[in-house]
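Here is a quick tour of one model, meant to be read with the viewer open. Have a look at the fold first, then come back to the notes.

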Amino acid sequence: MDRLYTFGKYLKKKFNKKIKKVPISIPGFTCPNIDGTVARGGCIFCENESFSPNFQKERITLNLNSKDNPLLQKQIEALKFQFFNTIKLYKKLYKSEKFIVYFQSFTNTYAPFDTLKTLYETALSFPDVIGLSIGTRTDSITDDTLNYLKELSKDYEIWVEYGIQSSNDETLKKINRGHDFKNVRETIKKTKELGLNVCGHLIFGLPGENQKDMLKSVEDSIALGIDSIKFHPLYVTDNTLLAIEYKKGEFTPISEEDYIDTLIKAIKMLPQNISIQRMTAGTTNLLAPEWCKDKSLQMSHIHKALKKAGIKL
Ligand code: SF4
């Protein structure tokens, strides 16, 4: 890639409108890697109730055959509340015209099918919504859900966002991911065969990985036929297994220089048709590394590095 192809540019080209993704966190959603179905505690970087006693306790019934979800009304209300509050802000700040509802927190295909259907269809019924982006794990999406999303994609812009993180099985074990890269490969193949848009999420700086490993994950992700990609530095927040390792001196976060160097090399590897949805991440609730505190400063360093590398913005 020699010209930065952001997701914003992809949307502008396709719809010729100002479109924003509206992030939503559905109460009661969890993850099979937290609730004991796959594992307990979750990925080592995931903040969840295993490490935080005050974390949300109320969870939906996770029997995938169950139609009984006592939290459904509360979930619909939360969806409405978050959507309408966020778009008010986006319209004011960015003059956004249309929206994609982004089911972001936890595993957004891990719930009874008719709960998912109700929530997705509620989101699609909101004004100016043109589609959905659904964040999930490759081991937690059923054929029913995939086929249903395929039907929706005839009328809406539908994206499935899978956490890949790394293509190295040793790393996936170290981070307690609960599935291997074969699972990622098979699920993404199936999703692409249905004609759905796929975004893959990668993390740089995972324990034990050098730049060669990180770039191999990029190469392997491209080979899966993904349509879009997100890059994320591994940072440490409290209430995670990684925080315990970090405090014991067992984990050293990636430096900003190494992260940006890897990112630029990764972007250069991308074919021009894969859009970039994220180049970095920051949080205020941070233990380390310090440079992840300020995302706008990171972005200015990344833009400088992109220009230096001859990648047009
Ligand atoms: S898959 Fe996501 S929600 Fe589940 S444990 Fe890992 S980071 Fe947390």
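Predicted model: local features only at pLDDT ≥ 70, side-chain atom pairs only at ≥ 80, totals over all residues.

Now zoom in on strand 5 (residues 197-204), which runs parallel to strand 4 (residues 157-165) and is joined to strand 4 by six bridges. If you want pairs to click on, Val 160 has Val 198 as its bridge partner in strand 5, and Gln 165 has Leu 202.

Strand 5 is also joined to strand 6 by six bridges, again with the two running parallel. Here Cys 199 stands opposite Ser 228 of strand 6, while Leu 202 faces Phe 231 of strand 6. That puts Leu 202 opposite Phe 231 and also makes Leu 202 the bridge partner of Gln 165.

How enclosed are these strands? Seven of the eight residues of strand 5 are buried, so strand 5 is largely enclosed by the rest of the structure. Strand 6 (residues 228-233) is largely enclosed too, because five of its six residues are buried.

## The nonpolar core

In soluble globular proteins, nonpolar side chains tend to be buried together. In this model, the largest nonpolar core has 71 residues. Which of its members touch the most others? They are Val 22, Ile 24, Val 101, Leu 132, Phe 204 and Leu 263.

Take Leu 263 and skip its neighbours within four places in sequence: its contacts are Phe 204, Phe 231, Met 279 and Ile 302. One of these, Phe 204, is also on the list of core members that touch the most others. Another, Phe 231, is the strand 6 residue opposite Leu 202.

Is Lys 20 buried or exposed? It counts as buried, because 21 other C-beta atoms lie within 10 Å and the cut-off for buried is 20 or more.

Apart from neighbours within four places in sequence, Lys 20 is in contact with Tyr 90, Tyr 94, Ser 96 and Phe 99. Ser 96 is 76 residues away from Lys 20 in sequence, yet their C-alpha atoms are 6.4 Å apart in space.

Phe 84 is exposed, with 12 other C-beta atoms within 10 Å, and the cut-off for exposed is 12 or fewer. Phe 84 and Trp 159 are 75 residues apart along the chain, and their C-alpha atoms are separated by 21 Å.

## Around the ligand

Which residues are around the ligand? The list runs Cys 31, Asn 33, Ile 34, Gly 42, Cys 43, Cys 46, Asn 48, Phe 106, Thr 107, Arg 137 and Gly 163. By type, the shell splits into five nonpolar residues, five polar and one charged.

Most residues other than glycine have a negative phi, and most peptide bonds are trans. A few places here go the other way.

Asp 128 is not a glycine but has a positive phi of about 65°. Asp 128 belongs to the loop between helix 3 (113-125) and strand 3 (129-136), and it is exposed, with 12 other C-beta atoms within 10 Å. Gln 165, also not a glycine, has a positive phi of about 70°. Gln 165 is in strand 4 and is buried, with 23 other C-beta atoms within 10 Å.

Finally, the peptide bond between Ala 288 and Pro 289 is cis, with omega of about -10°. Pro 289 falls in the loop that links strand 7 and helix 10 (295-308).

Methods:
Residues numbered from 1 in each chain as written. Core = buried A, V, L, I, M, F, W, Y, C linked by C-beta atoms within 7 Å. Contact = placed C-beta atoms within 7 Å. Pairing = 2+ DSSP bridges. Helix = DSSP H or I, 4+ residues; strand = E, 2+ residues; numbered from the N terminus. Near = placed C-beta within 6 Å. Nonpolar A, V, L, I, M, F, W, Y, C, P; charged D, E, K, R; others polar.
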